[in-house]
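Colleague: I am new to reading protein models. Please take me through this one, a feature at a time.

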Amino acid sequence: MKNSLKTVLLVLTLFVCNTAVAQENFKKTTLVKNIFSALKNQDDTKVIESLATKDDILYLIPIIQASSSENIPEVAIIIANFKTEAAKDFKEVLRKGSAFNVQWEDIKLQTVRYEPQDNNKIAAIEKGHIILVCSSNDVDFEVILRKSIKIKDHWRLMGRMKFRLL
């Protein structure tokens with residue numbers, strides 16, 4: 001009885017420690033670094049680099065088709081739409097921030113949060129909102145990278161970018 005209790009406690013301890021250590025540090029991901037750099041320099045090229053690539057889309061298509069009957073457009077059309085929407089969203093984030101006196105070249109990244117999103121259609125893909133909490137010129141704000149997904153161990157921007165004051 002004593003040995004089984006010790007074994008259970010050991011397994012429980014290992015599980016708790018592994019969970020605490022295994023959480024991803026989103027502040028160090030390429031996606032967050034690229035988006036923060038793009039904001040700081042007001043340059044959308046880093047945003048475009050953070051989008052899903054042709055290989056990423058080709059990887060996702062069979063997964064989506066296996067769990068859905070929706071019609072998927074050509075890869076080139078998907079990528080073109082992503083680029084257009086990402087550039088438009090980025091300019092809108094910059095515009096809103098500037099309207100609230102954000103000095104983009106002086107922004108500081110305070111923290112990064114991750115809010116996982118349930119995705120019944122694609123269970124094999126990790127997806128969620130990555131939230132950059134920043135400050136500049138006594139203005140605290142968030143830049144939300146909506147519906148970002150992890151494809152082959154790399155986080156990609158797939159949804160809209162939003163600006164929100166704190």
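Modeller: Start with burial: a residue is buried under 20% relative accessible area, exposed over 50%, and partly exposed in between, using a 1.4 Å probe and protein chains only. This is a predicted model, where local features need pLDDT of at least 70 and side-chain atom pairs count only at pLDDT 80 or more, while totals for chains, interfaces and linings use all residues. Residues are numbered from 1 along each chain as its sequence is written, and side-chain values use heavy atoms, with hydrogens and water left out.

Colleague: How many of the 166 residues, as a percentage, count as buried?

Modeller: The buried share is 37% of the 166 residues.

Colleague: What elements does the chain form, and in what order do they run?

Modeller: Helices (H or I, at least four residues) and strands (E, at least two) are DSSP runs, numbered from the N terminus. The protein has 5 helices and 5 strands. Read from the N terminus, the order is α-α-α-α-α-β-β-β-β-β. Contact means heavy atoms within 4.5 Å. Among contacts with a separation of 6 or more, 57% are between residues 24 or more positions apart.

Colleague: Which residues does W104 contact beyond its neighbours in sequence?

Modeller: Leaving aside neighbours within four places, W104 is in contact with L39, K40, Q42, V93, L94, G97, S98, F141 and F163. W104 is found in the loop between α5 and β1, and is buried at 2% relative accessible area. From C-alpha to C-alpha, W104 and A38 are 9.6 Å apart in space, although 66 residues apart in sequence.

Colleague: Which polar contacts does the side chain of W104 make?

Modeller: A polar contact is a pair of N or O atoms within 3.5 Å; within protein, one must be able to donate a hydrogen and the other to accept it, and residues adjacent in sequence count only if both atoms are side-chain atoms. The side chain of W104 reaches the backbone oxygen of L94 at 3.3 Å. With the side chain of S98, the W104 side chain makes a polar contact of 3.3 Å.

Colleague: Is S135 buried or exposed?

Modeller: S135 counts as buried, at 14% relative accessibility. S135 lies in strand β2 (residues 126–136). Its side chain and that of Q110 are joined by a polar contact of 2.6 Å. Not counting residues up to four places away in sequence, S135 touches several residues, including D106, I107, D140 and F141.

Colleague: What about charged side chains: how many salt bridges does the structure hold?

Modeller: Side chains of opposite charge can pair when their charged atoms come close. A salt bridge is a side-chain nitrogen of Lys or Arg within 4 Å of a carboxyl oxygen of Asp or Glu. The structure holds 8 salt bridges. In one of them, E85 pairs with K88, the closest N and O atoms being 3.4 Å apart. E85 and K88 are about one helical turn apart, because they sit 3 residues apart in helix α5 (residues 75–99). E85 is partly exposed, at 34%.

Colleague: Which residue forms a salt bridge with R164?

Modeller: That partner is E142, with the closest N and O atoms 2.5 Å apart. The pair links distant parts of the chain, with R164 in strand β5 (residues 161–165) and E142 in strand β3 (residues 139–151), 22 residues apart. R164 is partly exposed at 41%, whereas E142 is buried at 3%. Through salt bridges that share partners, R113, E115, E142 and R164 are joined into one network. Within it, R113 forms a salt bridge with E115, the closest N and O atoms being 3.7 Å apart.

Colleague: Now the backbone: what is the phi of N101?

Modeller: Most residues other than glycine have a negative phi, and most peptide bonds are trans. N101 has a positive phi of about 70°, although it is not a glycine. N101 is found in the loop between α5 and β1 (108–116), and is partly exposed at 41%. K152 also has a positive phi, near 50°, and is a residue other than glycine. K152 lies in the loop between β3 and β4, and counts as partly exposed at 45% relative accessibility.
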